[in-house]
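Colleague: Hi! Could you walk me through a helix and the core around it?
Modeller: Happy to, here it is.

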Amino acid sequence: MDTVASAVFFAAWPTATYRQLTFGGVTRAGSGVDVRVRLHGTSAFADGPLWTDVVLVIRDGRVMDLRFGANNGVVPPGLTTSLVGSVLAEISKELAESAAASRGTSSAAGATTNRGGGAPAAPSATPAWRLQPLMPGGWYQVSEDSTRGITTELTGTAFPDQGAVSRIRFMRALPLPFYPNGYLLEAETTTASGGYALLTFVRIGRAITWLDGTSAPIYQLNERVGLALDTAEQAAAYVRFFCAAIQDGRDRFVMVEAPQQLDWPESSAAVPARTRVRDAVGPLDLSAGSATWEARGAMLHQGLLSSVTLRVHRRGTEKPGFIEMVDEKVLAENIPARASAFVDALRQEIRR
């Protein structure tokens, strides 16, 4: 359930970090039960504990609804109607797989190895990662079996460094609300010389789109599968994704909504800069137009933290998903956070 819990927690508070789930109890109701759980995480703004109760309404063996209960958030949690549907479907799927596994049927094995091209399965343990995720969100660790299955799918794709594919150790995944059944995955590997690196790609079903620091693969994917930018949640997630996946020279464009997103050096010299970032950033602010979204937030690029306004072209326009910067104002310079960029399509730590 951690996979679903992480997605629900991210939907509740997109800038927070999910930690764990605790069981709250079961109440009989009509033809089923109400299951209470509590999702725990960390606030992006104060590093403090953040939690919300969630009630799963199960009737006749099916998950019919999901409701938030008590919570300690300053901003109340909430889910869009479309996301509720996708979360309920994922919960029902996991319940069915768990039931099959308890009966020893082959359907559990199929789900674990991810032969169907659906959501990558989660593991029982989480390894350490040396680079921050490409973008913030409800990431979860992919199981070893699912990692092996996806690695097999990657073999023979158009990625130029198949050696890096063969050296994949583990993966993490993030559901993408703006692509139907789309997941952003990162795979830990090494360069030919043994350096630490990540492979980054979007997986929809069994179709793989490699990210390499340019916008072309994203625009091609938008045209091929269709881009859903109907809600502010979808638009905000797309802005985070698009900006983090492209770069100018050797540095990516990172939308910063909390200082915890960044990889800070342990030196005390970084404390003043971290304070400046904390005071300058906040959640993305989205406003809708007839054919575009406007997103206002803070962007980090080449050590400069800037306040930016981005215009995002919606579905039905000439180039859906196209993003243009319409305003920029520098907020702070010489931000010492560690950076990463795509080098020969492998994301690696770089020195500014």
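Predicted model: local features only at pLDDT ≥ 70, side-chain atom pairs only at ≥ 80, totals over all residues.

Colleague: Great. Which residues of helix α6 are buried?

Modeller: In α6, which spans residues 216–225, they are Pro 217, Ile 218, Tyr 219, Leu 221 and Asn 222.

Colleague: Let's look at α7, then. How do α6 and α7 pack, in angle and axis distance?

Modeller: The angle is about 145°, and the axes of α6 and α7 are 10 Å apart. From α6, Ile 218, Tyr 219 and Asn 222 meet Tyr 238, Phe 241, Phe 242 and Ala 245 of α7.

Colleague: How many residues in that contact are nonpolar, polar or charged?

Modeller: The contact of α6 with α7 has 6 nonpolar residues, 1 polar and no charged ones.

Colleague: What happens just after α6?

Modeller: Gly 226 sits there with a positive phi of about 90°.

Colleague: New topic: which residues touch the most other members of the largest nonpolar core?

Modeller: Tyr 179, Leu 184, Tyr 238 and Phe 241 do, in a core of 39 residues. Elements giving two or more residues to this core include β6 (170–176), α6 and α7. The most come from α7, with 10 residues.

Colleague: What is Leu 184 in contact with, beyond its sequence neighbours?

Modeller: Leaving aside neighbours within four places in sequence, the contacts of Leu 184 include Trp 139, Arg 172, Phe 201 and Phe 241.

Colleague: And what about a second core?

Modeller: That one is separate and has 20 residues, among them Val 165, Met 171, Tyr 183 and Leu 199.

Definitions and conventions:
Residues numbered from 1 in each chain as written. Heavy atoms only, no water. Buried < 20%, exposed > 50% of the residue type's maximum accessible area, 1.4 Å probe, protein only. Helix = DSSP H or I, 4+ residues; strand = E, 2+ residues; numbered from the N terminus. Core = buried A, V, L, I, M, F, W, Y, C linked by side-chain atoms within 4.5 Å. Contact = heavy atoms within 4.5 Å. Axes fitted to C-alpha atoms, helices over the stretch in contact; angles between N-to-C directions. Nonpolar A, V, L, I, M, F, W, Y, C, P; charged D, E, K, R; others polar.
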